[in-house]
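Hi,

Here is the structure I promised to pass on. Have a look at it first, and then read my notes below.

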Amino acid sequence: MRHARLDSDILDTDILVLGAGLAGLRAAIAAREAAPFLRVTLISPRRRPSGSSFANRNNALGMQAPATDQAEGFVAEALRLAAPGVAVPELVRALAQDAPACLDFLLGLGLNFRREPSGDLRLFPGCFSNIPRAVIFDGLASAHAAFLARARGLGVHILHGHEALGLAQERPGSRPFGAWLAPTRAGRMQGIRARAVVAALGGPAPLFARRICGPGGSGLAYGLLAEAGARLVNTAYLQWFWLETKSLGFVNPGELRWPEPLALLAPARLLHCPTAVGLADAALDQDLLARLRQDGSVVAEHGTRGALRLVPAAHAGNGGALIDEQGRTGVPGLFACGECASGMHGANRLGGGMVLSALTFGARAGRAAAAEAQAAPAPGRDLGPQPVVSPAPDGVQHFLRRLRRGMQRFGLPGTPDSPARRDFVATLGRIAQDVGAGARERLLAHSALAILEPQAPSS
Ligand SMILES: Cc1cc2nc3c(=O)[nH]c(=O)nc-3n(C[C@H](O)[C@H](O)[C@H](O)COP(=O)(O)OP(=O)(O)OC[C@H]3O[C@@H](n4cnc5c(N)ncnc54)[C@H](O)[C@@H]3O)c2cc1C
C-alpha cells in the first residue's frame, strides 16, 4: 500500500486535550479554571455529541456518588471487585474523595438528574453492588451542550474534525511537545505544539465488530498511549453485554434458563449487566461464550421469552494507561483520564464508576497539566516527523473491518489459543512494528494487541 505525507500546518497551545467526552471536557474546563492565562485546546473528531459519554444508546448515565460517610464502604467494595486486575488503593480513594465535588460540578451544569417526589436525588445501586449510592442523569445531548458551553465560556479553544494520530516526541517515554492531528475528512495534517498533553481518547470497544459504545470513538487510545511510552494495565478486561440479535435489546444471562448447578448462579448474575471476571457467576457467560457458533451468536432459552439468539457486544474497557493521583502517566507532560486511563478500577468496575473516574481524574489531570505547562520548557519550532497516513480512506476502512471481525472472533474473554488466533496476533504484531505502515493502522493493531496479549501486571 502506498502512503503519503500530507502538507501540514502547525498550531500553538499550552495545554492540549485529546478527546471530547466527559473526561476530556472536564480536563479542559479544570485546566482553564486553574490557569486562565494559559491556552487550552480541545480536539474533538466530531462536532456532534459522540463517544460513550454523550452518544451512548441509553441516553442516560449513572455515577457512583458516595457521600463522605460512605467513602470507606465504596473503596472496600471497589477494591474487592478488582482482582485479578490491578487497582491502586490511592486511586480508588481519590474517587471517593472527589465524588461530592463531581456531583456538585454536574449539578452546577444543570443536568437533568432523576429525583424523588421530594426533589432529593434518587439513589440507585450500580452494577455489582446492592448499595444505592449512584445518581443518574438523562439527556446526553443536553449534557454535552452544557459541558461545551462551560468550556467555551471559559475560553477553551475547541478544534473539531481532527483525530490525534501520534504525539510529537523525540522518543517513546520522552516529554511530548505536541501532537499530530489527522483530518477526519480529506485535508491537511495538523501539527499542534503544546507544553502538556491530556489523553482522554475513550476506550477500546470500537475495535470490535459488535459494540455498544457511542459513534465517534476511534479505538486508537491504547496504541497511542503505548507508543508514547505509557504503561498500560488491565487492558484484557473489557465489559461485554449480551444483545438479542432481532431487537438489539440487552439480555442478562441471569434471565436465561440454566440447568443445575449453573442455575444457582443466576441470582448473582442479575446484579450486573456486563460480564464479570473472576466472580463465580462468570461461569454463565463462559458457558454462552463456549457455545458461540461460527456466526458469533448463541441460541439460549430465556425464562419467559423462549429461544433467543444472543451476541456479545463490547461495552467499555477497564484498562488503559496507569496513572497516578494527578492523572500523570509516567511520561513527563503526558496525562490520561477517562476510559483510556486505569488503576482506579481493576478487572471489574462498580456501575457508575467510570463516570466518576472520568470526572475525578479529568479534573485532576486538567489541573496538573495546567501546573505542568507553567513549568515545562517551551516546545521547539520543529515537531519532528509527521506520522505516515494512508492516502486511501477505503484502505483504512477495509483494514478496520478485518480487524473488528478478527477481534470479535479472537478477542472475546477466554478465547482459546489456536493456530488461527496465533496467525491473527502475528499479523497485528507485524503491522504494529512496521514504521512504514499507516499510523492509523499501526495504532489500531497496537491497541488490539494490548487486549489480545496484555502486559503482565508486574512488567
Ligand atoms: C451504552 C453505555 C452505557 C454506559 N453507562 C454508563 C453509566 O451509566 N455509568 C458509567 O460510569 N459508565 C457508563 N458507561 C461507560 C462510560 O460511559 C464511558 O466509559 C465514559 O463515558 C468514557 O468517557 P471518556 O471521556 O473517557 O470517553 P468517550 O466519551 O468515549 O470520549 C472519547 C472522546 O475521544 C475522542 N477521540 C477518540 N479518538 C481520538 C483521537 N485519536 N484523537 C482525538 N480525539 C479522539 C472521541 O471522539 C470522543 O470525543 C456506559 C457506556 C456505554 C457504551
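So, how many residues surround the ligand, and which are the closest? There are 33 of them, and the closest are Ser53, Gly216, Ser218, Glu339 and Val355; a residue counts here if one of its heavy atoms lies within 4 Å of the ligand.

Before you go on, two notes on reading this. This is a predicted model, where local features need pLDDT of at least 70 and side-chain atom pairs count only at pLDDT 80 or more, while totals for chains, interfaces and linings use all residues. Residues are numbered from 1 along each chain as its sequence is written, and side-chain values use heavy atoms, with hydrogens and water left out.

Back to the ligand. Its shell divides into 14 nonpolar, 16 polar and three charged residues (Ala, Val, Leu, Ile, Met, Phe, Trp, Tyr, Cys and Pro count as nonpolar, Asp, Glu, Lys and Arg as charged, and the others, Gly among them, as polar). Among the elements that each supply at least two shell residues are helix 1 (22-34) and strand 9 (162-167); helices (H or I, at least four residues) and strands (E, at least two) are DSSP runs, numbered from the N terminus. A polar backbone atom of Gly216 is 2.7 Å from an oxygen atom of the ligand, and for a backbone N or O atom of Ala20 the distance to a ligand oxygen is 3.1 Å. The protein covers 96% of the 1000 Å² of accessible area that the ligand has on its own (Shrake-Rupley method, 1.4 Å probe).

Next, the rings. Phe241 and Phe250 form a tilted aromatic pair, 4.7 Å centre to centre with 55° between the planes. Rings of Phe, Tyr and Trp (its six-membered ring) pair if their centres lie within 6.5 Å, with planes under 30 degrees apart called stacked, over 60 edge-to-face and the rest tilted. Phe241 counts as buried because its relative accessibility is 8%, whereas Phe250, at 33%, is partly exposed (buried is under 20% relative accessible area, exposed over 50%, partly exposed in between, with a 1.4 Å probe and protein chains only). Arg57 lies over the face of Phe250, 4.4 Å from the ring centre (CZ of Arg or NZ of Lys within 6 Å of the centre and within 35 degrees of the ring normal).

Most residues other than glycine have a negative phi, and most peptide bonds are trans. Asn234, though, has a positive phi of about 60°, and the bond from Ala83 to Pro84 is cis.

Cheers

Note on methods: Polar contact = N/O pair within 3.5 Å; in protein donor to acceptor, adjacent residues only side chain to side chain.
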